[in-house]
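The sequence and structure come first.

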Amino acid sequence: MKNQNIPRHDPFGISGWLPLRSAFLLLSTCVALLGAPLAIHGSPVNFVITGSLATARNGHTATLLPNGKVLVAGGQNGNSILTSAELYDPASGTWSATGSLATARAFHTATLLPNGKVLVAGGGNNSAELYDPASGTWSATGNLATARAFHTATLLLNGKVLIVAGQGNSAPFVLASAELYDPASGTWSATGSLAIARAGQPSGPTATLLPSGKVLVAGGGDINGIHASAELYDPASGAWSATGSLTTARSGHTATLLPNGRVLAAGGGDGGSIHASAELYDPASGTWSATGSLATARFGHTATLLPNGKVLGAGGEGPFQTVLASAELYDPASGTWSATGSLVFGRYLHIATLLPDGRVLIAAGVGPAGVQNDVLASAELYYTAQLDTTQPLLNISTRARVLTQDEVLIGGFIITGAQDKTVLIRGIGPSLTTFGIATPLADPTLELHDHTTALITSNDNWRDSQQAEIQATGLAPSSDSESVILATLAPGAYTAVLRGKAMTTGTGLVEVYDVDQNPNTQITNLSTRGFVGTGDDVMIGGMIFHGSPGTAYRILLRAIGPSLASMGVATPLLDPALSLYDANGSIITTDDNWRDFQQSEIAATGLAPTDERESAVIVTLPAGAYTAIVRGVNGTTGVGLVEVFNLH
């Protein structure tokens, strides 16, 4: 149906127009956004959310297995040291449980052995275990001579594993000792000690296997401070020798072996400041030389050698305890760093793993204060090529308790572009019983209004009109008493109202679909307002994004409550909380008050909520289905608004 200025009428005998006018005023304010940018265009997008771990953690390990999956093991969540382990499958983007460690451990090491098993060692104790990918189980192996954490582990060319330094459980707490693990016998033996004791990750030295087979240990600290010194371990003699010192004392830095045989050390800190500087170690001369500095000083970040020879530095902690989302690329050919797309969520003490297809998996870590108790379960994927974020929003659906007057369900959407857009709007009720809803809206009715509040069209039972056209879309409801409007609309702001016929109430679902998927005109904003209850009656928003693996959606989600009072809503939700889930039911992120994290990013969009108690998150998502849930903090209820904006 072509958009026409049809006079408003009340086909269902419902006299709730005046209380609803505030909703139209609210949704019509979105028209101003049509002429305003929804994002800072030109910012590259390379990171996208993938499946979340079952357990938030930091101080964990991540190991790429021969089958292409990634094993994450142990770590800590708050004061709890973990035994759990999970497997990431890059093909499906999901995590699954695997056998748990026999001993809880954090800030341990994990090393892939030549036989395909994974050796984990230490982490606050002297025990070690082997993971067998074939059975998904752990078994005990020989114990270390010294309990340690924050140490380093390096697989030597002879197949043995070198454990160096770290923090012990008794004096001297910072260790200089080193041990060798022999997979053939499953036992440990002492080897030469460092000249200087050093605490390892995340605040200590790095250990890098050089092409010669020697191991370079650099930086780190002890009770005397942070060191610039470096040492070389020779497996042939089992002895350490001094080599050139770093130009800057540093710990919590990264060290990456480059294709040319040099080692790049970047960032870190000296106990008083966090560094942006970087330097190169030349094994031929045994000396360090300065190279281009990072744009942002960072500590506790990750560095990953990409297949193209560049190094990806991501996240970390910046000056003044800021948690960084920014990422940079180091080019060995020019010796310079350049910006790349930022992480979806700032984090440090995370783990980065290069996958066989060239993507990089970033998993868990510590986020900004107030986010999931600071410890993250979320994970992200880095794509070397910039992602396409131009795809339109295709569908949003919101389920909530449909009451009367102010508390009916109201959906708003904005169409931008130069051409008309065909949309299908559904009002669902009776068929919700198949999903376990005990009190569905028995007879939903739909109205479609333009930004002036003029009624465009309405529908009670979807077969009453446009039956053939609706069936042709494949989106016909399963119940004859449910409602559908199929309309071709000019660019602008629109509002759909879902009510119960004859003032009936119950749980209902309002959905908006982009039917023609014309890229020249897009739905850039979708929002729904309704009553937010408790239990089954919270507000649930569903989103479906389509696209290829090279596409992503950079979206902003808002949960609005208190500011609705200025629009005449008598019972607004006073403190909304927002949670976002993936199709597997895994939580991606949560937010209570929007200033808690991502404050600067949200403010830069011009879409920051006007009340600090309202919620907002910015997230980059791959194609798929997602669910946003709006609840009242501490079980409070009231009228709330959930919105999704396409930022690119």
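Glu 231 forms a salt bridge with Arg 198, their closest N and O atoms being 3.0 Å apart; a salt bridge here is a side-chain nitrogen of Lys or Arg within 4 Å of a carboxyl oxygen of Asp or Glu. Because Glu 231 lies in strand β20 (residues 230-234) and Arg 198 in the loop between β15 (187-191) and β16 (205-209), the pair ties together parts that are 33 residues apart in sequence. Strands (E, at least two residues) are DSSP runs, numbered from the N terminus.

Glu 231 is buried, with a relative accessible area of 4%, and Arg 198 is buried at 0%, where buried means under 20% relative accessible area (1.4 Å probe, protein chains only).

## Basis of the values

This is a predicted model, in which local features need pLDDT of at least 70 and side-chain atom pairs count only at pLDDT 80 or more, while totals for chains, interfaces and linings use all residues. Residues are numbered from 1 along each chain as its sequence is written, and side-chain values use heavy atoms, with hydrogens and water left out.

## Further pairs and the total

Arg 57 forms a salt bridge with Glu 86, with closest N and O atoms 2.9 Å apart. Arg 57 lies in the loop between β1 (47-50) and β2 (61-64) and Glu 86 in strand β6 (residues 85-89), so this pair ties together parts that are 29 residues apart in sequence. Both Arg 57 and Glu 86 are buried.

By this rule the count comes to 18 salt bridges.

Definitions and conventions: Helix = DSSP H or I, 4+ residues; strand = E, 2+ residues; numbered from the N terminus. Buried < 20%, exposed > 50% of the residue type's maximum accessible area, 1.4 Å probe, protein only.
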